[in-house]
Every structure is written in structure tokens, then in C-alpha cells.
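Hi,

Here is the structure I promised to pass on. Have a look at it first, and then read my notes below.

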Amino acid sequence: MPRRTLFESARRPAGLLSTLSLAVLMLASGAAHAQSNAQPNAGGDAEGRQTAQALLRVREATQPRTLVNEGQALLDRDVIKLDGYAYCGQATSLAEQGDFRQSIRAASKALFLGERDKKPDLQALAHRDLAMAYLYAGKIDEAEQYARSALLFPGASPEQVLAPAHKILGDVAARRGNQAAAITEYNDALKTASERYRPQVLVSLANALNASGQPKQALQQLDAIGPEARAALASFYLRSRAAALLADEQPEAALAVYDQIATGDQTADSEYQRLWALVGVGRVHLKRNDKPQALAAFLKATTLANGLRAKFRSEEFRTGLFGDMQAVYDQTLALAVEQKDFVTAWNLSEDSRSRQLLDSVRGRADDALGGRLSLPQLQALLRPDEGVLEFHAVGDQLVVWTIRANSFEGRALALPQAALAREVDEFRRSIIERKRDVDAQGQALYNKLMGSVKLGEGANPITRLFIVPHGPLHYLPFQALHDGQGYLIARTAVAVWPSASVGGQLWARPSKTVSALLAFGNPATQENVPLPGAEREVNEVSALFKQKQIFVQRDATKMTFKLRANQSAVLHVAAHAEVDDVDPLFSRILLANDGQDRGLLEAREVYGLDMRSVSLVTLSACESGLGKVQKGDEIVGFTRSFLSAGASSMVASLWPVADDSTEALMTRMYQSMSEGADLMDAMRTAQTEVQKRRRFAHPFFWAPFNVIGNGRMQLGS
């Protein structure tokens, strides 16, 4: 029997389906092949049609009709109902605060009311607000879609709709690197912009002109902004001016402006603007080809960034600056690598992961794993047979660090991230579609990623490997890589860490001595997509535990989960899950409705639970191990929320899995742990033994589950 697949998830009513992540799109092409245990490529035509239908459903999740339906459902649950224009005001305010999912929900209510009451002006405003929320969330395709549709409504206000919509289209084009199109859209925005809005458009236009190689024209646009507007824009105006001066070969003038930013801004954002002034100084040094001084300036900027409170700054989007702090870390890291300073580069990689997490959570959830370990601290925690393999994709390079208790080595591989993503995707497709070339593809990736990595031979091998992936490598089952002789899992046990600092902190948590099980399976969700295999799974797993609590179907409620989640050392959840790539804190597990709510357990709620008594969380659900990979590369969503709430380790899947092989793998893993093995050794035993069964020899069956976090975790008696 098949486990839950993307197609099962996609059968939910369109209005209830959250936006799914790129990770799911990567899964979709092969998910149909999880429907049976047939021979490779059997029934390809029918499965191809199913795949196309699933992809269509994913795309429909952000379509107007979907959002209208969602808006109606949300409005029905509001105790106090507002008018459509008030919901538009809410949407704008929430987007400015960085609450993108809530902004989209408010705009969806306005969209429904505008359609119901036949108010095209309200519909236009709702489309504008959706465009803004998606732009701020980095979803530029959706931002473009709604900005263009906002322009089509008759009677749309020129100042309130047309100018902002053209401005958003300009921002979209600028983010795509199409500065000519951005310039055209900004000029169109100026035709109808209000006097208050006009200076923001002019700064965006200047930035686009500068990016297109026209710094003098950029300075002319900036000169056209009056003194009062310049003062209101403050450092955002000055940053644009300094960048244009630098591009116009006026480095001394640019330095003077950067100094003005660093010393003159007395607002609450003064330290943040000082950070960008330091970045500007670094770029001046780069212009002079003084790379050591550039690195020093960038390092000061990243040090400052590490101590700054995370906050969404909509002003950067309004002025087209798009201040990407992660780009600063990457540029600094690349300079450190160029100078062969791999220790500094490693520190920067760790800092960037932590920073991106803060930027994503922005104080909306308390994260208990925010600190960073030093390299000596990490090495002191490693046992002689353990090693850390950490990656960071930057530019056209993949930086790789190998860390052992008594050694540290860094290297840079010529491997562009786009090419790496394609190869990982092809390997995943080969696995999910159960193709016969999977070992050859696994070997090609092994050679590129690990061919120069010293796993150790003879008396000092690495038999326990902790991997810190980056970018597309989060979707790669390292255990299925092939060295020409066998799979990596045959050589070493494998666990995955969000970052080396997180891994070390999880090790430091006190070990638990109680091996009780709490399991949820086949919840009776509102979407009514039954999962009988999930129910069998939790019953089979529970047979291995003396102490256990099992909740299935209507008993597997969200309220029960929240009340009991901290009562057992092992938490096993076999249910549907959805990843929200607009705001990962709204990713959710679909539990049973208990009459109080719809049973949707969101990641932001998990952050608020006390799960310090939980040693292991197993999420046997679609998308469970994927989350959203941010630019700084922290995985935000289920993985981070459970670990931060107190759990020390997780087991999660990378693709839809088959019931029979999963039953065998889970049973063997838990059995091995009951015999004294720790988590990562138990998973290694399970994966190597399951693959020896002829019908499960393909990696599709034995390789989908990752151990995340504390692989040393053990069950007590």
C-alpha cells in the first residue's frame, strides 16, 4: 500500500490548500510512482497525467479563485466582521510588519467581499495588497500576477492602485535583473503617483538606472527629490546616492556619504544603517581592488548584523533597495575563501544560518537554539570516529569543510549552485521514479561532493558522519550516494544538522531515560483524506513499546497533541503535512478537528510547546523534512520548531514513502534502539538491512528518512 503522496494531499478543497514549497514541486514529478510497487517506469502515461494534475493543483493554491474561497472561509470564522476596505487596511499593515501570510488572509477576505458585493475598486485594492504581500515574501511570480490583474479593474484609483501596481512590477523586474523593464514600470508609476509616493518611486528608478550602468542618470533622479522628502527617506536615500556615486567613479564622494550614514542616522534603525554603511565601505575597497580592507569592512558589518534584532523593513522594498543581509554574509565568505581563510569562512557560514533564522522568525517565536559554537568547542564534542561535513554554496563555488576532533580542512569546489540543484533534482527523480540509473547518478554526485573528502581509512575512519547541507543539498539523501563500491550508508552512519552550532547544542541537552511512546496516526481531518497505512504504522510501532499512548482517526486531535506532546520520550506522527513557503511559521500538520478549531497544528504553535521531555520526534508525513530553505539556509518550519521546542532529534522523510518498506524500516529502527543502539546507528542498521531485501533494494524504499539533530540519542529501558 502506498503512503500519503502529493496527490492525496492535493485532493483537499482548493480554498484550504496553503501555498506549497519548491521542495514539493521537486517531489511532484515523481510522486505518482509511489502509488504502487510496480516495476520501474510502469504505467508512465497515466502517472504522467496524475503528475500534471498535481502540479496544476499546486499552482492553483495562489490563484484568485482559491483565495476568494479561502477569504470566504476565513470571514465566516471572524467573530467581528469588518468591511472590505478595512480588511485592505489590515493587509497593508500586516505586510509592512512582515506578517505575510496574515496579510494575504486579510486581502483574501477583501477579495471575497469585493466579488460578492460587485465592487471592482475593492477588488483592485485587494489585488494590489496581494501583490505587495507576495513581493515582500519574495514570491515575485505571484507579485507580478496580482499587480497586473490590479491594473485591469475598471475604476481603479490611479494613486491608490495604478501607481503602486506599476511600482511593484518595477520591483519584480529589478529583482529579476531586467532593469530596462524596471525603468519602464517606474516611469509609468510616476505618471499617477501621489506627491507623497513619488519620492519612493524616484529612488527605485535611480537604483534601476544605476544597476543598468547609468549612474549619472541615477544621480539626476535623486537630485529631483526635494529636501523634505530626502529627510523623510533618510538613510535609504543616502544609500542609493552613495551607490550611484561609487558607480560613477567617485569613490571619495561615496565614502563621505557612507560616513554620513554611519554617524548621522539617529533613528531606531541607526545600527542597521551603520551596517549598510560598512558594506558600502567594503565595496569602495573592492573598487580599489584592496581585498584585505574590503574583507575587514565586511567582517565588521557581519559582526554588527549578528547582534541586531531581526526586523522586517518595508522601506527597503518601497525604495527598491532590497537590502539582502545574506548577500553580505555570502560576499564576505567568498572573500575569505579567496584568501584561503577557511576558518573565518566557516564562522561566517554558521552566522549566516543563525541570522536567517532570526530574520524569518522576527520575534514571533522564541528560538532556543540561536547561539553559535566556536570551532574548538565543536571539535571538543566530537568523538574519534565522528566527523562533520559542512557545505555552503556561494556564487559558482561550493565550499566544503571536514571537521574532526583533531583536524579541520576547507576547500572550494567549482560547482555553481544552479547546476548543483539540477543534478540533485535529477537524482531525486531517478530515486522517486525508481530508475535503474540511480547508482550511476549517485556516484556522479558522490564524486563531485565527496570525492576529495577524507573520510579516513585504516585505524581512524569516520564511521559516524554529521552533515550540514546548504541550498539544494537539503533535498539530497546523502545515505544513497554511491562511491562505486557501495552506498555511503554502508560506510558510515549519517545524521543531518541545520547547522553545526545547532548540532552541538542538541548534544548538550540532558539525555532522557524513559522510553514511552506517544503516537498519532490517520487523523480524521476536515479534508477527509484517510490514511489507513498511517494507522497501521502507529499500531505496529507501538507494539515495540511497553509504555504507550495511541491516538488515531477522530481521537488524533490538535488539542490532544498540545496537551500530551511532552509526556513521552518518543513522539510519532503519521499524518498529512503542508509547507507554507510564504511564511514557514504557518506550515502545518493536519490533525483531527475537536470542535474547537480545524485541527491545523502550525509550526508557530509548536515553538510555544514545552517538549524538553521529548527525545525523538518522527514525522512520517509528506513534506515533513523539507521545510523552507532560506537564503541564509536555516530550515524553518517543522524541523526547526520541534527542535527549538525541546526535542533533541527527529526522523523525517524526503519524499512520499511506501507503507510496506516503511513498516519494515521503522520497525527495525525502533527494535535496534530498544537493543541499545543510538538513533543514527539504528537508522543505519535499518537502512542497510531493508535494502538487502530484493524488493526493497532500490533507494526509493530504504533511503527516504533522514536522522536530524542528535544522532547519539538513545532510549532508556
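**Salt bridges first**

R372 and D351 make a salt bridge, with their closest N and O atoms 2.5 Å apart. (A salt bridge here is a side-chain nitrogen of Lys or Arg within 4 Å of a carboxyl oxygen of Asp or Glu.) R372 sits in the loop between α20 (342-361) and α21 (375-381) while D351 is in helix α20, so the pair ties together parts 21 residues apart in sequence. Helices (H or I, at least four residues) and strands (E, at least two) are DSSP runs, numbered from the N terminus. D351 is buried, at 12% relative accessible area, whereas R372 counts as partly exposed at 37%. Buried means under 20% relative accessible area, exposed over 50%, and partly exposed in between (1.4 Å probe, protein chains only).

Before you go on: this is a predicted model, where local features need pLDDT of at least 70 and side-chain atom pairs count only at pLDDT 80 or more, while totals for chains, interfaces and linings use all residues. Residues are numbered from 1 along each chain as its sequence is written, and side-chain values use heavy atoms, with hydrogens and water left out.

How many salt bridges are there by this rule? The count is 38. Another one joins D660 and R695 (2.8 Å, N to O). That pair links distant parts of the chain, 35 residues apart: D660 is in helix α30 (residues 659-674), and R695 is in the loop between α31 (679-691) and α32 (699-702). D660 is buried at 18%, but R695 is exposed at 52%. There's also a network: E386, R464, D678, D681 and R712 are joined by salt bridges that share partners.

**A helix with a buried side**

Now find helix α23 (residues 438-450). Its 13 residues should span 18 Å at 1.5 Å a residue, and the end C-alpha atoms are 17 Å apart, which agrees. (The expected span is 1.5 Å times one less than the number of residues.) Which residues of α23 are buried? They are V438, Q441, G442, L445, Y446, L449 and M450. These cover an arc of only 140 degrees around the axis, which puts them on the same side of α23. The arc is taken from the directions from the helix axis to the C-beta atoms.

**A sheet**

Finally, three strands form an open antiparallel sheet in the order β9-β10-β11. Strands count as paired if DSSP finds at least two bridges between them. The edge strands, β9 (577-578) and β11 (600-602), each pair on one side only.

Cheers

How values were computed. The expected span of a helix is 1.5 Å times one less than its number of residues.
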